[in-house]
Amino acid sequence: MSAPKAGQPDSPPSSWPEAKQNPGWAGDTGEFAQLSEADVRGNAYVGVRPKDGGLPVVAGSMPYQIAEKDPEAPIFVGPYEERLQKILGEYPDRQNALLPALHMAHEIRGYLSPATMDEVAERLELAPAYVRGVASFYTMYNLGPVGKYLIQVCTNISCNLCGGDAVFEAFLKHTGTEAGETSANGLWTVMEVECLGACGFPTAVQVNERYLENVRPENVPDILAMLT
Ligand code: FES
């Protein structure tokens with residue numbers, strides 16, 4: 001589906017269901033109605049993960065993206081080496097640590113180049129072909145450079161019913177990009193993705209490490225302005 005031309009309205013084609021906004025979040029009903037969303041879910045939910053890896057149980061295991069991507073940055077030094085050691089300590093052998101090790105390299109460099117995959121293979125003492133096969137199987141690993149802000153818009157069933165397609169089109173229009181392509185200024189890459197696991201709060205959008213929920217097409221300009 002192509003992006004609307006500049007100057008066209010944000011409204012989706014008439015064949016799409018009308019975009020609906022989720023009436024709230026799951027916690028604002030029942031006996032805890034007085035609590036705010038931040039009270040219940042915590043600000044850390046959308047916060048920036050500390051570079052030392054945060055909680056040991058999730059250290060290096062989440063597909064985080066940071067804005068300051070550096071394709072030349074060392075991936076197994078300092079706090080990142082400590083995180084790798086935490087990861088290795090949780091698995092019986094190095095092969096089991098491959099996915100979180102790839103996530104870590106991905107987080108630092110923004111994508112997995114062939115050279116990066118080889119570096120991970122060497123560090124984990126695995127065959128380079130095996131590492132490349134695993135990395136290319138999972139769509140959450142970028143195999144090419146992405147913009148400073150990687151915007152992933154869920155258009156799976158729950159979000160789709162609430163107008164996810166229109167949100168996706170609005171991001172393409174307002175960033176001036178085509179799906180999956182990076183804007184000329186290097187700021188934006190917009191992708192359509194499968195379920196982000198936030199189906200109760202459609203439309204869900206992930207911008208680097210941050211989750212945004214209940215996004216509607218008219219929110220898109222404000223979201224982009226907030227990022228720049
Ligand atoms: S369908 Fe969009 S987050 Fe699950």
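Analyst: Helices here are DSSP runs of H or I with at least four residues and strands are runs of E with at least two, numbered from the N terminus. By that numbering, Glu 125 lies in the loop between α4 and α5. The model is a predicted one, and its secondary structure comes to eight helices and four strands, which follow the order α-α-α-α-α-β-α-α-β-β-β-α along the sequence.

User: What makes Glu 125 count as exposed or buried?

Analyst: The relative accessibility of Glu 125 is 63%, and the label exposed applies over 50%, so Glu 125 counts as exposed.

User: Which label, buried or exposed, does Asn 214 receive, and why?

Analyst: Asn 214 has a relative accessibility of 18%, and buried means under 20%, so Asn 214 counts as buried. Asn 214 lies in the loop between β4 (210–212) and α8 (220–227), and its phi, near 55 degrees, is a positive value in a residue other than glycine.

User: How do you know whether Ala 97 is buried or exposed?

Analyst: The relative accessible area of Ala 97 is 0%, which is to be set against the cut-off of under 20% for buried; Ala 97 is therefore buried. Ala 97 is found in the loop between α2 and α3, and, leaving out residues up to four places away in sequence, Ala 97 touches Ile 87, Leu 88, Tyr 91 and Leu 124. From Ala 97 to Leu 84 the C-alpha to C-alpha distance is 8.6 Å, for a separation of 13 residues in sequence.

User: Why are α3 and α4 called oblique to each other?

Analyst: Helix α3 (residues 98–109) and helix α4 (residues 114–124) pack at an angle of about 140 degrees, with their axes 10 Å apart. Roughly antiparallel begins over 145 degrees, and roughly perpendicular covers 65 to 115, so α3 and α4 fall among the rest and are oblique to each other. The contact is made by Leu 98, Ala 101, Leu 102, Ala 105 and Arg 109 of α3 and by Thr 116, Glu 119, Val 120 and Leu 124 of α4, a set that divides into six nonpolar, one polar and two charged residues.

User: What makes α4 oblique to α5?

Analyst: The angle between α4 and α5 is about 120 degrees, and their axes are 9 Å apart. The roughly perpendicular range runs from 65 to 115 degrees and roughly antiparallel starts over 145, so α4 is oblique to α5. The residues in contact are Pro 114, Met 117, Asp 118 and Ala 121 of α4 and Pro 128, Val 131, Arg 132 and Ala 135 of α5; they divide into six nonpolar, no polar and two charged.

User: Which elements give two or more residues to the largest nonpolar core?

Analyst: The largest nonpolar core has 24 residues, and among those with the most contacts inside it are Leu 98, Leu 102, Val 120 and Val 131. The elements that give two or more residues to this core are α2 (79–89), α3, α4 and α5 (128–137), and α3 gives the most, with six residues. Apart from this core lies another, of 18 residues, including Tyr 149 and Leu 172.

Note on methods. Residues are numbered from 1 along each chain as its sequence is written. This is a predicted model: local features need pLDDT of at least 70, side-chain atom pairs count only at pLDDT 80 or more; totals for chains, interfaces and linings use all residues. Side-chain values use heavy atoms; hydrogens and water are left out. Axes are lines fitted to C-alpha atoms, for helices over the stretch in contact, and angles run from 0 to 180 degrees between N-to-C directions. Angles under 35 degrees count as roughly parallel, over 145 as roughly antiparallel, 65 to 115 as roughly perpendicular and the rest as oblique. Contact means heavy atoms within 4.5 Å. Ala, Val, Leu, Ile, Met, Phe, Trp, Tyr, Cys and Pro count as nonpolar, Asp, Glu, Lys and Arg as charged, and the others, Gly among them, as polar. A nonpolar core is a set of buried Ala, Val, Leu, Ile, Met, Phe, Trp, Tyr and Cys residues joined through side-chain atoms within 4.5 Å. Buried means under 20% relative accessible area, exposed over 50%, partly exposed in between (1.4 Å probe, protein chains only).
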